[in-house]
Structures are given as C-alpha cells and as structure tokens.
Amino acid sequence: MKLNILLSLLTFVLCACVNSVDKTQTFKPTNLTIGAGFTNPVGISLEDTSLSWELPLLRNGMRQTAYKVQVARDFNFKDIIWDSEKVLDGTSVRVENESPIANSRERLYWRVKVWDDKGNESLWSDTAFYEAGLKSNSDWKGKWLTTPVNPQGLYTYKFRQWKEVNGERIPYFTGAKKLGVAPIYMRKKFESASKPVSARLYVASKGIFKVMLNGKKVGNDLWGTGWTEYAKRIQTNTYDVTSQIANGDNVISAIVADGWYAGRIFFRDASNKNYRKPEFLLQLEIKYADGSTKTVYTDKSWKVSQGGITFADIYDGQGFDANLEPKNWTLSSFDDSSWKTPIATNVSATKPLLEPRRNQPIVIKKVLKPISVNKIAEGTFIFDFGQNMTAIPQMKFKGKKGQKITLRVAEMLNKDGTMYTENYRSAMTTDYYTFASDGVAEFYPEFTFHGYRYIELSGFDSSIKESDIQIQSNVIYNDMKPTGEFSCNVEMLNKLQSNITWGQRSNYVSVPTDCPQRDERMGWLGDAQVFVPTATFNYNVNGFFAKWCFDMLDDQNEQGAYSHVAPMSWGNGSPAWSDAGVICPYVIYLAYGNKTVLEQNYEGMKKWIAFQKNTSKNLIRPDMGFGDWLQPSSTKGATSKLWKGQTPRQLIGTAYFYKTTRIMQRVANVLGKTADEKYYADLAEKISVAFVKEFVKPDGTIATNTQTGYLLALDFDVLPENLRASVFDKLLKKLEADNWYLDTGFVGTPLIAPVLTKFGRHDIAERIVLNEGYPSWIYSIKQGATTMWERWNSYSHDKGFGMATMNSFNHYAYGAIGEWLYRSIGGIWYDENTPAYKNIIFAPQPTKRINSAKVSYNTPYGTAKSEWIVVDGKMQWNITIPANSTGTIVLPTTDISSVKVDGKSVSALSLKNVPSGYHKIEISKVK
C-alpha cells in the first residue's frame, strides 16, 4: 500500500514537472564563464579565454541557433573591441573568443545574446568580466624576500629509516631535529594620499602565506598560491584590495611558512641536514581618481622578524607561544625598528615562471562541530566530529600563564577510547599553544592541516570542564563547485556516495593527494587517473586538473615518462600511474569540452606513448611499476612486493599502452592531426595483436587467471570481437571461484562493476557492489567508515587495525565506483562523441534491490536529471535535458510495447536525439 501511494505521489509530481514551465523566466543567457569554468575571474590565467553560457529551459526543444558576443573595455560597452555579429551556430560551450588578448592588469567585459530554434531573440545577458593578473616575470618590480636568520633545530620529529628483517624492508623511527626557520613575520608601512579608485595586490610565495592590510586578512583563501614544481613555475594570486586602503598611514603584513616548499614533505626521508627557507614576493598597485598611481613592493625596505609561531609543518603540526607574539604587529602604529632587514633576491627573467593561477584556491568550505566529547584523563578531552576530513582546528579555551596545551588528531580510536595514531607513521600531526597570561585564548594553527575525525586536547588543569572549551573543525579543500548528486533506495549506497565525496574533498587540496593525514599527502598519478571520471561528476574540477596537468608535464622526464607523483618528481614510468598524463586530460575534455587542455598536453602525451614503445619488447611492456596495488589476496608483510598483486605487470603495462594509444588516436582526431591519428590507430592494432599473443589463450584464459587481468582486457577493448565472449566467461568463472567477491587492487577495482554491466551481467555487478563481507565497499561502511579507505581491511570490529605502514582511512581511489553509481544506477553520463554533455546518455538499470534512484548533474549546458522508481515491475522515470542539449534514452526493457514516452509509443529501445526539456517515461514491464 505504501509503495502504491509513493508511486502515485511521484507520478503526480513528475507530471507536474513535465507539464509546467515558469512563465516568469526571462529569455536571456545565464551562468557566463570563461576558460575552465571561471565566473568573473580576477588574476586567473587567461591562456584559455573561450566563452560559455547556458540557456534557460523555457520549453521542451529549447535550443540555440545563433549567438552574438561583444567584448569591451568598459562596462557600458562604448569601447567595444570585438563584436562577433550574429553567428549562425548552436555552440554555447567554449565559443572561441576572438577579441585581443588581455594585457597584464587589464579588465575586459563581455556579454552575449542568442536566438532560439523559434527565431526568438534573447535579451543581452548580464555583463561578465575577466581581469588579467601579472602575466610575465618582467611585470614584477618586487624581490623575493626571506629572513636572514640562520636555520636551527626547530623541534624533534620521527625520522623514518629502513632495515632488513627476513628479507623484508621494515621501517623504524629515530628522533631527528627539523632544521629550518620559524615562520617569517614581514611588514611594510606606506602612505596613501587619498582613497584609491582601484588597488590590486599581487602575491606569490615559495611556501605558504597569509597577507594582511591594516590588520585585516586579505582574501578568503588559504595556503597561498598552492603547490607546484617550484623550480619551474609558481602560481600568483591577485586580490582586489581597493576597500582596504586607508587615506594616510597603511601597513602590509604577512606571515610566510614552509608549506610544501620547505617543509618535511619536500625532503621526505632525506637527511635532516637539508633545509630551505620560505620566500615571499608581493606587489601592490594603487590607482587614484586623478590618474596618479603608487606601487609598493617587496624589497630591502621591508622588515622581518619571528613571532609566536615557533614552527609550522604540514606533517608535524604547528606550535604557538603567545609570550613571543608581538602585540598589534599588523597595525601601522607598531614600532618595527628592532626588526631585521630581509634578504632580497631579484626575480629571474625566466625561472621559475611566475604565472596567474589556473585553479581555484583552497578555502574553508564547511565548519563541523563535535558530536560528542569524552574526558579520558585529568585535563585531557577527546572530541568526536563524526566525520573523517581534512581540516584546520579552531578553538577557544581557558588557561594560565605558561600553561602548554597539546592538540593531537586521529582518524580512529583504540578500543580503550584513546587515540590511534600509528598509521600517521612519522607525521607528528601535533599542535601546541602556550599561554602568555591567565584567561581565555584562541588558537588557530592555520599553517598546517590535519586529516582526522578526532581531536585530543590535553594539558588543562583539573578545573577545566568540557563546557570551557569551544572547538570546531574548518574543513578545507579547493573552491570547486559541487555539480552532481546521487541517491537511491539502498541506504548503504547513499552512505557510499557520502564517503566518496568526503574522500574527494579531503584530498583535493591544491593537488589530488592520496591521503591527508600521514607522512605522504602527495599527488599520486595512479589514484588520480582511476578516480577522475567520478571526480568530474561530484565537483567541477576543470580548473583543478588544468593546473595539475602542468604539474605532470613539469615532472615528465626527457625520455617521456611521467613521474609517480606530481609535483615533486619521484620515480617514473609505472603503468596506470604515468598513464594519468594521457588519461586525465582526455577525461577533462570529455566532461567539459576543454580542448585547450588537450592542446597544452599533446606533446607530453605523445612523448609518453613514444616512451612506452621505445621501452617495450615486441610491444610488450616490461616488468615494472606498482602493479595491481594492494590486491586483497596478495597483501602480506610490511613492505612486501606482493603488494603489487598477482596480475603480471607486463600485462597491466601493455593493456594501458593500448588504452593510451587509442586515446591518442581520438585526441589527434579532435585536434585535426590526421597523420598522428593514423599512426596511433595502426600502433593500437599492433599492440592488440601483441597482447593477445602474449597473454590470451585460445580458450579465453588470461595469464595468471586474475580478476584484474580479465577486467583490463575487457574494459580497454584490447581484444578482438571473437575473443571477448570467451574471456568474459572466464571472468565469470573466476568470480564464482572467488565467491562473487572482488579480489582487485587499485588497477582492477574501478573496472569490475562497469565491465559486468557492459557485458550484460548488471545483476552480478549489483551483487558485488552490495556485498557486505570482506573485501567490499559496504564492508568498510559496516566497520564505521566515513570516507574511502586505502585497504579493504584497514580495520574491522573483530580483528582491529590492519598494518599501520599502509593504512590510511581517507584514501579516495576505491571511490572510483562512483562512476558506475551515476552512470548505471542513476542513469546519467556523457556521450564520448559529443563532449561536455552536449548529448547526454540516460541509461539506468534497475534491479531487484535497487528500485529507485535520483541523480542530477550540472552540465556545462545546464542541469540534467534522472529520477526513477520501480514498483511491481512498473517504472516511472522522469528526465530533464538542459536547453541546447539532446539526450539518448536507453530503455531498460526488452518489451517495446510496454513503453510510453511523453504519453506516446516508441519504435526503438534506444531513442536518439531526444530534444531538451522534461520527459516522462512509463515502462509497464522492466527487464
């Protein structure tokens, strides 16, 4: 009865949505963006100035037939520098901007109007703009500044070393001094003759920074210009500070800390004798109403000192001694006569390149409060935030002069309720606050970040109660717009979706890191490439990957091999890891139509294919790389080679060689490189022949008979048609032998559900995804996971914790299953033949256990939706196709007579070129 009521209610709502149009909507383009999806950017890289907009969905079939774009130097469009005139073209995503390239500092305005398929002319859009930053090194007058203080031992950390035990390399830790300088305090006083009409602050750093003008923080971003290959390029930030300049005395102040440039993350396990000093570069340009200007920049007239922040490190935390903090040092009235003169270095003409940033900055995106607190000892409290995350704690507490409060974090608790921190390895992840006087203090260690769920505060006296402590977690990640939503009737899958998105948030911090908590947190290429399709659904990562692709290029070696991590080149050439250099740009193109990212990366992609060919024997890749990393049945020992799995690395490498070569064939086609397209097509055919000869037996058995071996061959289409059925049959037999549980690592896991669905066994895919035992996605949820785990057995209620050496509880790679949820359950995905969701594939596959789903995605054309429910074998399905897009609807039935689309019968089970709008689908007999 309840289901019938639900079905009737859903039908009513869907019909209302399908048949209603908001008559009050105005016909004009909206959501104007430039380049990689930026809205009114100030100081963002303008290498890509393509223009995009959306049309309102005022009626079914709404599409664009023509457009007119204008670009001007003024808001009122009196000084127009480009008028496209009326262009008979339906393109509304990434339209070529033919206006003159903006000069450094220049702001240009643009607007667009369109004509629809009925000939109606729209109003002009709201005016948008884009403003260039400082585009070349020669634009900078300032010098790099650092402190003259000599490096010293700042604190003792756990230095990781290795020893052989029974043939295994086992880590052990010894105490070592972190050599370096405490965060540098900088300031510069200046006068302004009057209030300006415009003021821009341009900043870069080797390290991370916070800038203040007259005591007020500039911008809402954190961690400066982000992590790059500092020797080659550094991003720069631009801030509009017009309102912060006072008439008369002013002061710029800044704190510059180690960050990625000079912290332990750079040296990893290198000798503690290594060090760098962070450096800072700034230029303030002020314009006045009378046409005069003033420029303030970093030079030897600045003053530097050290303050209350005694150390700050990504791995180890931050210390603050309030006794050492200069009072009111960010105000112009402060006397800095005792401060030191900085070391100043000229900006090089070429290296590193100083470039306007390509991605959104890191910001505070959410604030979480504790869900519980537990006093575990006198003066010691543990706060549970209910969610694993990447965050900066912020707190207020009482204390006495000289009292030292210690903050530690953990992802998990031991059974006795104490903090489990072994999996952080050598990362100390500990913050300290020392009181300068009795009373209430605020503590915000903003020059480090932690991955955690729990916070332990200790060092209080017996008089302090839980209510005397105010604490919150400021969740940080790059300022990406959320784009996709998914839910269904199976609550465990909704929880899985939550874990996937939290894993992405936690690890998209300047670069796509593997984990946010231990002594790693690096941009591993393998993790990024398996997850990137899922990433594009959850958030708009267009700019995020446009920037990171440059990091990969900067670390590519002369032979063409991409490194294992980027930035900070370490190792190279591993299959599935180095292949990110080809796969990630292509997926970004498919999701957003970003042709520029293909053009920027094309030569590097070519070099990778050449490297694979040159280092292969008869087109078979060598035995190298990480293999099927952390395959469950092969993970033994602390540092065992078996972590690389049972699937031959030659097979993995050759399969990826084929996949990336096929991608290059398509990319060459997109870029109009006909000769290259033919070359890669021919090469791919030869790789396929070599693969079959080397690894595939006539009966379909693939070398070593692993799930991953079969999955690679089937998913990458490396096999000829006549072998695919027999190879798939062998996969099914292998899965049956494994009791229908996955036995795949980082390489195979993303493929298992998509391959089963692709070859018609969606029922088995559902079974494996919904398995609750070990190893499975649901298993970790049953053990309390709130993010994705690195290993399937990181923890269990029965056995406790897995091996700490490789045991991250926030490691997003296995979240790649998200693509299957959105595509095969929800029923929305892009058509590879029409990038940016110009044509949308709607193809949900209901099952006995998954009988309803709701998914939406903000495509570059507008919001697409797919919402369906099955009751008693009957399906009600509503879809929304954005204006100026089309849809391909794949009907989940074999009985064509059981289908009605918008009340009409259909003549095919796959409906192509379905026009934009709201469509209601009824199926009385679902397969």
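This is a predicted model: local features need pLDDT of at least 70, side-chain atom pairs count only at pLDDT 80 or more; totals for chains, interfaces and linings use all residues.
Reader: What volume does the largest cavity have?

Author: Its volume is about 160 Å³.

Reader: And how many cavities are there of 30 Å³ or more?

Author: The count comes to five.

Reader: Back to the largest cavity. Which helix gives the largest share of its lining?

Author: That is helix H8, residues 595–614, which supplies three residues of the lining.

Reader: How does the lining split by class?

Author: Seven residues of the lining are nonpolar, five are polar and three are charged.

Reader: Changing topic to sheets. What is the strand order in the open sheet of six strands?

Author: The order runs S34-S41-S42-S43-S47-S45, and the pairing is antiparallel.

Reader: Which strands stand at the edges there?

Author: Strand S34 (484–488) and strand S45 (899–901) do. Each has a single partner strand, so one side of each is left without a neighbour in the sheet.

Reader: How much are neighbouring strands turned against each other?

Author: On average by 10° in this sheet, with direction ignored.

Reader: Take S34 and S41, then. How many bridges do they pair over?

Author: Five bridges, in the antiparallel sense, with S41 covering residues 852–859. Within that pair, Cys488 stands opposite Ala853 in S41.

Reader: Which helix packs on that sheet, touching S34 and S41?

Author: Helix H5, residues 525–538. The direction of H5 makes about 85° with that of S41.

Reader: What about the open sheet of four strands? What's its order?

Author: The order is S39-S40-S44-S46, and here the pairing is mixed. Its edge strands are S39 (829–830) and S46 (910–914), each pairing on one side only.

Reader: How do S39 and S40 pair?

Author: In the antiparallel sense, over two bridges; S40 spans residues 839–842. Tyr830 stands opposite Ile840 in S40.

Reader: What is phi of Met568?

Author: Near 70°, which is a positive value in a residue other than glycine. Met568 is also placed in the loop between H6 and H7.

Reader: Is Met568 buried or exposed?

Author: Buried: the relative accessible area of Met568 is 12%, and the cut-off for buried is under 20%.

Reader: Where is Arg94?

Author: Arg94 is in the loop between strand S4 (80–83) and strand S5 (107–116). Phi of Arg94 is near 60°, again a positive value in a residue other than glycine.

Reader: Buried or exposed, that Arg94?

Author: Arg94 has a relative accessible area of 13%, so it counts as buried under the 20% cut-off.

How values were computed: Residues are numbered from 1 along each chain as its sequence is written. Side-chain values use heavy atoms; hydrogens and water are left out. Two strands pair if DSSP finds at least two bridges between them. Axes are lines fitted to C-alpha atoms, for helices over the stretch in contact, and angles run from 0 to 180 degrees between N-to-C directions. Contact means heavy atoms within 4.5 Å. Buried means under 20% relative accessible area, exposed over 50%, partly exposed in between (1.4 Å probe, protein chains only). On a 1 Å grid over the protein atoms alone, a cavity is a set of points where a 1.4 Å probe fits but cannot get out, and a pocket is an open set with protein on both sides within 12 Å along at least five of seven lines; lining residues have an atom within 4 Å of a point. Grid points are joined across faces, edges and corners, and a volume is the space filled by probe spheres set on the points. Ala, Val, Leu, Ile, Met, Phe, Trp, Tyr, Cys and Pro count as nonpolar, Asp, Glu, Lys and Arg as charged, and the others, Gly among them, as polar.
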